Amino acid sequence: MVLCIGNKSILTITNDPHIVKRYYFSEQIETIVLKLPPIIYTKTAGDTGEIVDNDGEDSSKSPNQMNQEKRHFVFGQLSQSEKYLAICDNFKNLIVYCTKEWKVLASFVIERKCDHVIFNEKEGKLIVSNRSGWIYGYQLVASELKDDENGETFLLGHNAIILDLKLSLDSRYLASCDRDEKIRISNYPNCYNIESYCLGHTQFVSCLAFINEQLLISGSGDGTLRVWQFTQGKELSAYSFANDISAKDEKVAPLAIHSSSINDQIIVTVTFYNSSIFVTYKFDTKSNCLEKITSTDVKHNILYSYTFNNQLVCFIDDKNNFVSCQEFKIVNEKLEILKIDFKIMETLAMDDQLVETFLNEKRTANKIEWLYKSSHDHHNEYFERKKERQETKMVKKIKSS
Amino acid sequence: MATKVIDPPQKRFYRQRAHTNPIADHCFDYPIRPDLMKWNELYPNYDQNGEQVEYLDVGCGYGGLLVTLASVYPDKLSLGMEIRVKVCDYVQDRIKSLRSESPGKYDQIACIRSNAMKYLPNYFHKGQLSKLFFMFPDPHFKKTKHKWRIISKPLLADYAYVLKVGGIVYFGTDVEELYNWMDSHFNEHPLFKQLTEDEISSDAIYSKLFDCTEEGQKVTRAGGKKFLAAYKRVEDPYSR
Ligand SMILES: C[S@@+](CC[C@H](N)C(=O)[O-])C[C@H]1O[C@@H](n2cnc3c(N)ncnc32)[C@H](O)[C@@H]1O
């Protein structure tokens, strides 16, 4: 089951049969039976392997095994305007639909399971990161392609698993972050040219958000949010969030950073893995620091969060009430967070099976413990033996003289 | 004061399995960002007035190229980066011994243990390096292990990032297939351009590269073929 959220509607895509249900915020509901192009089976793995698979062996399944598997969708992403929907199935077929007539606009076979899919500003291109830590661009409009091109371009690669991917507001830079504490700022679309690295985090970097043309905020398993002048890779401030969420255990990392501007103020809302609290900060443009305004407890762990029009939608780990929506308002110069109800969310939540599948999938996907790196040294033994060797040599020398 | 000469290290104490997985988690000590690197612990006369490491030998093995760099470029700081602990330790002991034997001559070379595939941006600022060497890199023949190769599509962007415009990258190998792989990768990358014959003939280190590294000497002894090339870092041709 795949859930895609946009500004106007929420889509659920179910398998067997492949049906898209579109819930508009205007409370209209649409049901579309997807016409799928035939499955194209992947060539065997190319020159990259899964970064999580450390032994270097190929982990892809044989075509026979694949043929018996049922087609199901693993990923979906709506474009900003909701004109397009990109979905990816278990055969690594990436299909892009026009959501007006539900016609296939383009389809590609990708090399590895995708982790993040984003549309560029003009919605003519897709940027897709895969499990190998590689990022590809896909051209959606076939008429802009030369004859010998299939629309796929290699953009860049990390040497660790990519945890988030964002395009700058002016689409000139692509920011990507990974398990190795790194944030890379690449020029876009000429991503081979690295503009900078934003280095400072001491654990995996879990999420990113551009707040304006110069500044980027990042969240990490090291317990901090950092503000960067991203083209220079310069850290402007670091903020420790542990106290804001009264963490039950220390394995808490930011899940998503949402930034919006309300009455000329930059408001930053952060949700966290393994936490039921979201925190709202004010970004001070003079000091470039985050200042906490308030922590809000939605009572159940937040599994996924999304913002639009100063509204925050959190999907929470509660079977009976799996969405929690809030609205941000500034009243008399003070920020107010009001709980709001969307009828359409209630309708969505009535589908027990959908809720169950969604929660299960998110619970599994949100496990982050393995991302933490421990630092034990296996090489002490070698150096101890060496020291011994040198000491016996010294003793021998002294004895012989 | 009479300075004691330290014996050169004996290789037999430093041997280690040839291939290390460069993608797995290892425990490395690396600076969070280049400013935090304590270079003065590596270079005894390191002077903070703008002097920086400019030459980097990636996968330096037993350090033959570093020793040559010290004599060809006595006024430049060169660094060897090696992933295998014992091999790196050997090079460090070798440099210690050389320094004690000929004071002042080897102060500008050093070796650290690190994974060049992951941590170059932690050590070097953008455009800091002017020479980058890849001599006899591990070939990783199996297709599924090509991702372990030190020259690959994604990594070239990092090499271009640490090299200044005009800086040079050198690579050499005795494996023809690997040479073609490396050459085509550099050729296809918009930020690299092959050196011309003229540029090569006026280069002080190019002609010495084959015979100064331990691996190169081994290939010479066995009468094997060798392949070498050099590319220059150029400005991004892309325009909006
Ligand atoms: C075949 S040896 C060549 C050594 C030396 N350049 C020579 O020509 O004698 C390749 C060396 O690269 C090292 N190496 C492999 N991957 C590396 C990495 N990711 N970072 C640093 N060193 C690496 C290996 O440990 C090995 O010592």
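**A tour of chains B and A**

Select Phe171(B), Tyr179(B), Phe186(B), Phe192(B), Phe227(B) and Tyr231(B): together they form one aromatic cluster. This is a predicted model, in which local features need pLDDT of at least 70, side-chain atom pairs count only at pLDDT 80 or more, and totals for chains, interfaces and linings use all residues. Residues are numbered from 1 along each chain as its sequence is written, chains are lettered from A and ligands numbered from 1 in the order in which they are written, and side-chain values use heavy atoms, with hydrogens and water left out.

**Aromatic pairs**

The whole structure holds 40 aromatic pairs over all chains. Rings of Phe, Tyr and Trp (its six-membered ring) pair if their centres lie within 6.5 Å; planes under 30 degrees apart are stacked, over 60 edge-to-face, the rest tilted.

Pick Trp39(B) and Tyr123(B). Their pair is tilted, at 6.5 Å centre to centre and 55° between the planes. Trp39(B) lies in the segment before β1 (53–58) of chain B and Tyr123(B) in helix α3 (residues 116–123) of chain B, so the pair ties together parts 84 residues apart in sequence. Helices (H or I, at least four residues) and strands (E, at least two) are DSSP runs, numbered from the N terminus. Trp39(B) is buried at 7% relative accessibility, and Tyr123(B) is buried at 3%. Buried means under 20% relative accessible area, exposed over 50%, partly exposed in between (1.4 Å probe, protein chains only).

Phe186(B) lies in helix α5 (residues 176–188) of chain B and Tyr231(B) in strand β7 (residues 227–233) of chain B, so parts 45 residues apart in sequence are tied together. Phe186(B) is buried, with a relative accessible area of 0%. Tyr231(B) is buried, also with 0%.

**Charges over rings**

Select Arg149(B). It lies over the face of Trp181(B), at 4.6 Å from the ring centre. Lys131(B) lies over the face of Tyr55(B), at 5.8 Å from the ring centre. The test: NZ of Lys or CZ of Arg within 6 Å of the ring centre and within 35 degrees of the ring normal.

**Helix α2 of chain B**

Show α1 (residues 64–72) and α2 (residues 85–101) of chain B. They pack at an angle of about 35°, with axes 10 Å apart. Axes are lines fitted to C-alpha atoms, for helices over the stretch in contact, and angles run from 0 to 180 degrees between N-to-C directions. Gly64(B), Leu66(B) and Val67(B) of α1(B) meet Val91(B), Arg94(B), Ile95(B) and Leu98(B) of α2(B). Contact means heavy atoms within 4.5 Å.

Stay on α2 and pick Ser97(B). Ser97(B) is buried, at 2% relative accessibility. Leaving aside neighbours within four places in sequence, Ser97(B) contacts Ile6(B), Asp7(B), Pro8(B) and Pro9(B).

**Backbone stops**

Most residues other than glycine have a negative phi, and most peptide bonds are trans. His140(B), not a glycine, has a positive phi near 40°. His140(B) sits in the loop between β4 (129–135) and α4 (153–162) of chain B and is buried, with a relative accessible area of 9%.

Move to chain A. Glu27(A) has a positive phi of about 80° and is partly exposed, with a relative accessible area of 45%. The peptide bond from Asp16(A) to Pro17(A) is cis, with omega near 0°. Pro17(A) lies in the loop between β2 (9–14) and β3 (19–24) of chain A. Last, the bond from Tyr188(A) to Pro189(A) is cis, with omega near 5°.
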